[in-house]
Amino acid sequence: MRIDRILIVDDDDELRRMLVDYLTSQGYTALGMRSVQQAQEALHTDSFDLVLSDLRLQDGNGLDFLRQVKQVAPKTYGILMTGYATMDTAVEAIRIGLFDYLIKPILPAQLDLVLQRLESIRQLQSENSYLRQQQHTDSGGGGVVWGRSGLMQDILEMVKKVAQTHATVLIQGESGTGKEVVAHAIMRHSARHHMPFVKVNCAAVPDTLLESEFFGHEKGAFTGAVQRREGRFETANGGTLLLDEIAEIPLSLQVKLLRVLQEREFERVGGNKTIRVDVRLIASTNRDLQEAVRQGQFREDLFYRLNVIPINLPPLRLRGTDLDDLVEFFVAHFARKHGKVIQGVTPRGMDRLRAYRWPGNVRELQNTLERAVIMTGQEGPVEVPEFALPEKNGFGALNVADTLPTVDEMERKLIGCMLLQTNHNKTRAAQKLGISLRTLRNKLRIYRSDGLDTTRPEMWVG
Ligand SMILES: Nc1ncnc2c1ncn2[C@@H]1O[C@H](COP(=O)(O)OP(=O)(O)OP(=O)(O)O)[C@@H](O)[C@H]1O
Ligand SMILES: [Mg+2]
């Protein structure tokens, strides 16, 4: 990571020109400004990797200016140049996060050393942030945040494992939990990643046309079939087919789908040629498919064929600290998209986000944060107004609409939710609950003796 653009602020004309000339001769793009005001203008119209500023300027103080630089452009490095080094300025320079301070007169060799050090540090930082990103986001680069909570990390492991097989996967989860995101991730981790990925939203296609959508039709097969058309199974041949909202397909078509799953073959509508395909099938639904089976709306045999590898996505309210990771990701993403310099969310905003129930899950979080970023000025942090979260719920992750038979059970849920929210940090969970760590430990021991798995609170809070 090379440093390129450098801003020099000094009212000593000779020194400033010397620095600019020297840096330019070394291949940098250097710009010299003689006052704070000029420098501020440059900062607003241009971006710099490094700003070197004199301490005493005619219209202001170099430290104050560098402090501004760090606020507007946190990734820009600042170096203070001063004729009189005092302990106070040194301490202040460190406090506001300056990279270094140089004592005048400044020699080119001194500058070389500082720049070398800066470039190697920059290299390290970018490697670190790359590694961090690799840990928390999908290596496929699709902008997926898996989060640090055990829940989603388990799902990522599962995704990688099933991707190596050709088995059918059934992804279930509430609306907006990321079922499609997971389906994509399976495809990307699989040997089929360079083959077609085809998606059919079963709820969006009218029942009468769904069969032709799946299997295609011959010319004249029905009114309106003026041409032969290839179905999605054929288009996906060699690749992956996602049947979204699988619960919505009519019973008559369920029989035909079952046959494809068993024999990997079918006929086009109105045709009699048997077509064989090699397709990895992923089905997804936000309905409880087993319940649909019980109600006679979904064939049991098809359910078992689809449910070879089930992946159940937890609702956002049970994902604990994943929320923080998603917030960080979306805020940065939307800040970039809308051209703003924003770092994070206010503490009050974060509290609101954590306390909300998120019925629309990640999609709702994403939309809320885009709105919040748009409403924020050019510089952050982002505030989340209370009205942005319509369905307030004082119990945070707990759904008070559930009928809770006993106080004990309610307490258990509350403790479980807190453990999830704090990513199993018992000390913090106890603090948030307003009980002592010892009380929390005692309660957990009782739960264990009741047969609960206290390492997986998600099993008993939902
Ligand atoms: N882990 C994640 N990281 C980043 N973005 C995510 C993640 N999960 C979901 N999203 C985003 O949230 C939105 C909803 O995700 P997706 O469409 O996969 O949900 P879904 O479960 O299929 O929802 P529905 O049931 O409504 O079809 C998408 O814009 C997606 O990009
Ligand atoms: Mg979906």
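This is a predicted model: local features need pLDDT of at least 70, side-chain atom pairs count only at pLDDT 80 or more; totals for chains, interfaces and linings use all residues.
**Overall form**

The protein chain contains 19 helices and 16 strands. Its radius of gyration is 30 Å, whereas a compact globule of 462 residues would have a value near 23 Å.

**Domains**

The protein chain is divided into four parts, as listed in the table.

| Domain | Residues |
|---|---|
| domain 1 | 5–132 |
| domain 2 | 150–313 |
| domain 3 | 317–388 |
| domain 4 | 407–461 |

The centres of domain 3 and domain 4, taken over C-alpha atoms, are separated by 27 Å. Contact between these two domains involves 4 residues of domain 3 and 6 residues of domain 4. On the domain 3 side, the touching residues comprise 1 nonpolar, 2 polar and 1 charged.

**A parallel sheet**

Five strands form an open sheet in the order β2-β1-β3-β6-β7, and their pairing is parallel. The edges are taken by β2 (29–33) and β7 (100–103); each has a single partner strand, so one side of each lacks a neighbour in the sheet. On average, and with direction ignored, neighbouring strands of this sheet are turned by 20° against each other.

Within the sheet, β3 (residues 50–54) pairs with β6 (residues 77–82) in the parallel sense, over 5 bridges. In this region S53 stands opposite L80, a residue of β6. Helix α2 (residues 36–45) packs on the sheet, where it touches β1 (5–9) and β2. The direction of α2 makes about 145° with that of β2.

**The shell around ligand 1**

Which residues are the closest to ligand 1? They are S175, G178, K179, E180 and V362, out of 15 residues that surround the ligand. By class, this shell holds 4 nonpolar, 8 polar and 3 charged residues.

Two helices, α7 (179–189) and α15 (361–375), each supply at least two residues of the shell. At the level of domains, domain 2 (150–313) and domain 3 (317–388) each provide at least three residues of the shell around ligand 1.

Key:
Residues are numbered from 1 along each chain as its sequence is written. Chains are lettered from A and ligands numbered from 1 in the order in which they are written. A residue is near a molecule or strand if its C-beta atom, placed from the backbone, lies within 6 Å of it. Helices (H or I, at least four residues) and strands (E, at least two) are DSSP runs, numbered from the N terminus. Ala, Val, Leu, Ile, Met, Phe, Trp, Tyr, Cys and Pro count as nonpolar, Asp, Glu, Lys and Arg as charged, and the others, Gly among them, as polar. Domain bounds come from an automatic or database domain assignment. Two residues are in contact if their C-beta atoms, placed from the backbone, lie within 7 Å. Two strands pair if DSSP finds at least two bridges between them. Axes are lines fitted to C-alpha atoms, for helices over the stretch in contact, and angles run from 0 to 180 degrees between N-to-C directions. The radius of gyration is taken over C-alpha atoms; the globule rule is 2.2 Å times the number of residues to the power 0.38.
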